[in-house]
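I would be glad if you read them beside the coordinates.

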Amino acid sequence: MDCATPRAVRPVTIGRVRDQLARRTLQLVNVPSVSREEAELADIVAAEVPLALRHREGSTLLFEAPRTGKPLVLLAGHLDTVPPQENIPGRLEDGVVHGLGAADMKAGLAVMVELARWAHEEAAPPAVDLAFLFFPREELPAAESAVPPFLASGLVDDAQLVVVLEPTANAIQAGCLGHLAATVVFEGRSGHSARPWLADNAIHRAVRALGPVASLPPRDVELSGLVFREVLSVTEIRGGIATNVVPDRVEARLSYRYAPDRTPAEAEAELARIVGPEGRLEELGNSPPARVVVDTPLARALREAGAFAVEPKQAWTPVAEFSAHGLDALNLGPGDPRYAHARDEQVDAASLERTFRALQRFALGSV
């Protein structure tokens with residue numbers, strides 16, 4: 001077992017790839033980087049990646065390998081984690097890295113760092129040009145994302161594929177659901193619970209309106225052979241002040257994960273239709289879905305490089321932000337989503353090596 005906190009890790013050498021990737025992941029895990037506190041980790045990444053730093057703004061870093069005129073592929077990953085759950089510092093035990101962010105997504109960051117170091121030393125001509133984007137604040141609401149301001153710079157407008165190394169358990173996850181978060185407010189008139197006919201019970205209004213939400217079946221949408229499941233959930237509800245008072249106000253929080261065949265405006269209209277006139281919708285945020293990218297030459301080459309399965313992304317990820325900017329983007333990472341944000345967050349070294357080796361083959365065109 002290794003509980004040390006390494007700060008410098010030697011470049012990858014033949015026969016040591018798996019161990020090196022595990023130790024790099026542990027190094028990154030042991031640097032706290034809860035959202036908005038990513039500066040130290042950004043400094044360490046800047047020191048460890050030997051490629052040209054083309055752009056830095058705060059904790060957003062863009063590195064580029066020398067350009068050869070080949071198609072540009074951008075590898076991207078977020079530096080931040082959710083708050084700790086007594087799971088930092090991490091540990092490396094029996095080929096598994098345990099600790100905060102191990103799966104989501106310091107495993108992906110470790111692959112990016114080591115691939116950048118390999119690209120710096122590799123003499124063979126590449127099949128694609130590589131760039132590496134590290135960014136903060138992904139675990140916060142999309143309104144705080146660092147990705148759209150970076151994309152506005154135009155620095156990667158020529159990228160022909162973006163690979164976001166979010167945890168996918170080494171499957172290519174194409175597209176992603178949109179996410180509309182909203183509060184629905186039900187207003188009535190308060191009164192004494194002994195004479196409810198003199199009041200207008202907001203909870204009863206909420207029950208009538210939310211009944212259809214509770215009974216709404218998932219909506220399956222097939223795009224490019226992948227089935228996305230659109231779902232609507234009530235995730236919070238607040239109302240009432242005392243057992244003998246008929247309440248005049250109830251608020252319910254809704255989470256609408258909508259399929260990529262809807263626009264954000266269409267999703268808003270559909271949610272209003274489902275809720276009906278009993279409640280008043282107050283939007284909290286609407287993150288658009290991502291286009292499904294599976295059949296382009298680069299996406300096919302990446303799939304073949306790792307013999308990866310292709311799945312729909314049944315969630316929202318930053319691929320949507322790249323997609324909205326007009327870039328082809330997909331998810332592929334070594335972490336397993338079942339461990340993301342968990343107290344026992346972990347990633348195994350074999351998964352790290354699989355992602356790394358596949359991206360090497362993809363970069364060299366040796367599928």
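The points below take up local geometry, helix packing, cores and pockets in turn.

1. This is a predicted model, in which local features need pLDDT of at least 70 and side-chain atom pairs count only at pLDDT 80 or more, while totals for chains, interfaces and linings use all residues. Residues are numbered from 1 along each chain as its sequence is written, and side-chain values use heavy atoms, with hydrogens and water left out.

2. Asp104 is buried, with a relative accessible area of 7%, where buried means under 20% relative accessible area, exposed over 50% and partly exposed in between (1.4 Å probe, protein chains only). Not counting residues up to four places away in sequence, Asp104 touches His78, Asp80, Glu139, Glu166, Pro167, Ala340, His341 and Glu345, contact meaning heavy atoms within 4.5 Å.

3. A cis peptide bond also joins Ile88 and Pro89, with omega about 5°, and Pro89 is placed in the loop between E3 and E4. The loop between strand E3 (72-78) and strand E4 (91-93) holds Thr81 too, which is buried at a relative accessible area of 2%. Among the contacts of Thr81, leaving aside neighbours within four places in sequence, are Ser33, Lys106 and Glu139.

4. Asp94, although not a glycine, has a positive phi of about 55°; this residue lies in the loop between E4 and strand E5 (96-98) and is exposed, with a relative accessible area of 77%. Ser224, also not a glycine, has a positive phi of about 50°, sits in the loop between strand E11 (219-223) and strand E12 (226-239), and counts as partly exposed at 49% relative accessibility.

5. In helix H2 (residues 39-48), Leu41, Ala42, Ile44, Val45 and Glu48 are buried. Seen down the axis of H2, these buried residues fall within an arc of 160°, so they line one face of the helix, the arc being that of the directions from the helix axis to the C-beta atoms. They pack against helix H1 (17-29), strand E1 (52-57), strand E2 (60-64), H3 and strand E6 (129-135).

6. Of the 57 residues in the largest nonpolar core, Val73, Leu75, Phe132, Phe134, Val163 and Leu302 touch the most other members, and H3 gives the most to this core, with 12 residues. A nonpolar core is a set of buried Ala, Val, Leu, Ile, Met, Phe, Trp, Tyr and Cys residues joined through side-chain atoms within 4.5 Å.

7. The largest pocket holds about 680 Å³ of space, the volume being that filled by probe spheres set on grid points joined across faces, edges and corners. A pocket is an open set of points on a 1 Å grid over the protein atoms alone, where a 1.4 Å probe fits, with protein on both sides within 12 Å along at least five of seven lines; lining residues have an atom within 4 Å of a point. Its lining has 24 residues, of which Glu138, Leu140, His179, Arg257 and Trp316 lie nearest the centre of the pocket, and the largest share of the lining, four residues, comes from E15.

Definitions and conventions:
Helices (H or I, at least four residues) and strands (E, at least two) are DSSP runs, numbered from the N terminus.
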